[in-house]
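Biologist: I have a model open on my screen and would like to learn how to read it. Could you walk me through it, feature by feature?

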Amino acid sequence: MLFGRQKKNPVKLPDKGVVEWKYTTCGYCSTGCSIEVGLNADGTPVSCRGSSDADVNRGKLCIKGIFEYELFKSAGRGTVPLVRDKTIDAYKEVSWDHALDRSASEIKRIQETYGRDSFAIVSTGQLLTEEFYTLGKLTRGAIGTNNYDGNTTLCMASAVSGYKRSFGSDGPPGCYDDFEHTECLMAFGSNLPEQHPIIYWRLRQVLEKRSFPVIVVDPRVTMFSQMADMHLAITPGTDVVLLNSLAHVILKEGLEDQAYIKANTSGFDEFSELVAQYDPVSASKICGIDEDTIRNVARLYAKADSAMSIWTMGINQSTHGSDGVVGINSLNLITGNIGVEGGTSLSITGQCNAMGTREWSSCSGLPGYRVLEKEEDRQYIADYWGIDPEFFPKKRGMAQTDIFPAIETGEIKGLWLIATNPMTSMPNTARIRKTLEKLECLIVQDAYQDVETTEYGHIFLPSGLWAEKEGVFTNTERRVNLVNNVIDPPGLAKPDLWIFNQMAKRFDNGQKIRFPETAEGVFKELGELSKGRMLDYSGMTYQMLEEQCGVQWPCTEGAVIGAPRLYTDGKFQYPDGKAKLIPLDFIDNNEKPDDEYPFWLSSGRVVEHFHTRTRTGKVGNQNKFSPTPYMEMNPDAAKALGIEHMSYARLVSRRGDAVVLVQLTQRVAPNTVFIPFHFHDCVNRLTLGLLDPYSRQPAFKQNAVRIEAVEDQDAAAVRNVAARTY
Ligand code: SF4
């Protein structure tokens, strides 16, 4: 007789005929999972599995990584360069030489007519680091426009800005191993299980061995908050008030690490004077967390032997994003929780190579965390590239979110977009549409021809994606990992590195500067340019990256492993070696609900999709599990408006409207609704996107809307389907 499991049919995995597994790194989120892609006898990718040797993911992958091999045969790929034929207002297929010649001549025409900075370039967090560095070299060294940025301004700019203000430099100081040591974890605006499932799994592994308090600060009852010991349902946009109040309690009760503050920080007097104004009673009225909870959390955090903070977009995408990061850093500085095992201030980055662009793209300055504002940095890079340092501007130009308004005003006439899709990702879609229509020349370089933005382009350059190319990504914990070229791009599509190198040949300085043809040749330049610096790559080789499944920087020449943590010696990147404790006054400048628009609207991710669904929208299982845009709405609020579960409702903001399927749930408060941000023609028709003054990052999560029941449900269903078309 058979009992229990033996009675069931055993699980059978289909034999996909894999004859070879090729090592690479996941191209979606910043967790940085090592992946092996299985190839069958024809050399066709048919499977993915997590690398069991990789410390990051230990053999695991999330749903996006498991099906990532399907991208190689996904629909909508660009396979031929295109140029718009004005006579028929449609794209025509052209040769690469024709497309590149036209691109270069349009860039030169616009620069000669309107000035060098009238042509802007906006890239992404998706390219390989070697490609970022080469694009920076082309933009700063050959084309010479100062209006150059990445779409990372929509996700990580506040973290970068906050790190620079507190520590004197960008660079996340901690690592995933800090979970193994910490005694208290506080997560701000981070829904880890959905946004970064494998980092969450690493945390769960530790919590199964030993327990420590997990505190989640989020206006919404997220998946992460449901597993936390404490959920602080904060009023949107008031993180700075909570952080000031936590510091208030810590200092008032003498729980701070005085020795650490004295030895390693500056600005304590001004900081303590400011936080003295944020007593828990007053703070609770603004941030919505009761006074006892503020006191309890402050005590828990400060009394723990080590405590760590993580955060994602809930902090960054705010008018106080940079201040929120500074506040988190200060909380860790006053409790001595920087550079120690289990004590850190760790921004969980968004895109797979958001870190690579921060380090090497030159978007915010010059490569290797150098800045345009320093003469010695301009001279060093000009000498290395072999050009006149006067070619460089002396300060940074516009961020992405300032480039679009500058197109509106006519200051910018041409734009080259690389692997980014502002028609879905930017706030206030209607405004972006009009903006793109004003351009004299829009070049769209993307792996997918069907991205919404291509419709507005004049030239389309088809590129390879992910493991159709070779190079490295840097993950959230500063781990540089290898992306091997598994197969070649389809049709005539080319790796971005090839496209940048070919474009460089068409500019005067591009002929003077050396542009290595191979990714490994570029990587050697990164080693040379970073030697002795904070982000030292000089000890890394491609072979070492694959053998160790990624190496953390700094990794100095001759080192056999990288360094897991920064600032272990308490020395920061300011000239005096000290971190700054910065007082943060709270300025209440968000759009807030009122009589006309009585609901907070927030947006975020679901586990199945990535960013604007350019890729995941074409993968079967991702769409099976998350097929359509929807709105989470509180049942009591819905009842008052006569709106039913699984009906369509219309949201209206001061910018526009959107029709969305209603999911009634207690996850959101009665005055709040939530919509995933992945879908075209949906949440960003409504968002305002006020900018953070330091980082220029938009406040995607603080908007006011009203909600109306929809009578014609059939018509609404048609409109909703349009938002998921692929
Ligand atoms: Fe890829 Fe991120 Fe999923 Fe890991 S957690 S498999 S890096 S999407």
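Biologist: Let me start with the ligand: which residues surround it?

Modeller: Keep in mind as we go that this is a predicted model. The ligand is surrounded by Cys26, Tyr28, Cys29, Thr31, Gly32, Cys33, Leu61, Cys62, Lys64, Gly65, Pro197 and Ile198. Both α1 (63-66) and α7 (197-209) supply at least two residues each to this shell.

Biologist: How do the residues of that shell divide into nonpolar, polar and charged?

Modeller: The shell has 8 nonpolar residues, 3 polar and 1 charged.

Biologist: Now the overall layout. Which domains does the assignment give?

Modeller: It gives domain 1 (16-73), domain 2 (82-144 + 399-552), domain 3 (157-347) and domain 4 (599-724). Let's take domain 1 and domain 2, whose C-alpha centres lie 25 Å apart. Their contact takes 25 residues from domain 1 and 22 residues from domain 2.

Biologist: What is the area buried between domain 1 and domain 2?

Modeller: The general idea comes first: interface size is often given as the accessible area lost when the parts come together. Here, the area buried between domain 1 and domain 2 is about 1700 Å², and carbon and sulfur atoms give 60% of it. On the domain 1 side, Tyr23, Thr25 and Phe72 supply 37% of the area buried against domain 2, more than any other three residues.

Biologist: How should I read salt bridges, and what is the count between domain 1 and domain 2?

Modeller: Side chains of opposite charge can pair when their charged atoms come close. Between domain 1 and domain 2 the count is 1 salt bridge. Arg479 forms a salt bridge with Asp55, and their closest N and O atoms are 4.0 Å apart.

Biologist: What does the count of salt bridges come to for the model?

Modeller: It comes to 41 salt bridges. One of them joins the side chains of Asp177 and Arg565, at 3.1 Å from N to O. This pair links distant parts of the chain, 388 residues apart: Asp177 is in the loop between α4 (157-167) and α5 (178-181), while Arg565 is in the loop between β19 and β20.

Biologist: One last topic, the backbone. Is the peptide bond from Trp553 to Pro554 cis or trans?

Modeller: That bond is cis, with omega near 0°. Pro554 lies in the loop between β19 (551-552) and β20 (579-580). Have a look at Asn428 too: its phi is positive, about 60°, although it is not a glycine. You will find Asn428 in the loop between α19 (422-425) and α20 (429-437).

Note on methods
Residues numbered from 1 in each chain as written. Predicted model: local features only at pLDDT ≥ 70, side-chain atom pairs only at ≥ 80, totals over all residues. Heavy atoms only, no water. Domains from an automatic or database assignment. Contact = heavy atoms within 4.5 Å. Buried area = accessible area lost by both parts, 1.4 Å probe. Near = heavy atom within 4 Å. Helix = DSSP H or I, 4+ residues; strand = E, 2+ residues; numbered from the N terminus. Nonpolar A, V, L, I, M, F, W, Y, C, P; charged D, E, K, R; others polar.
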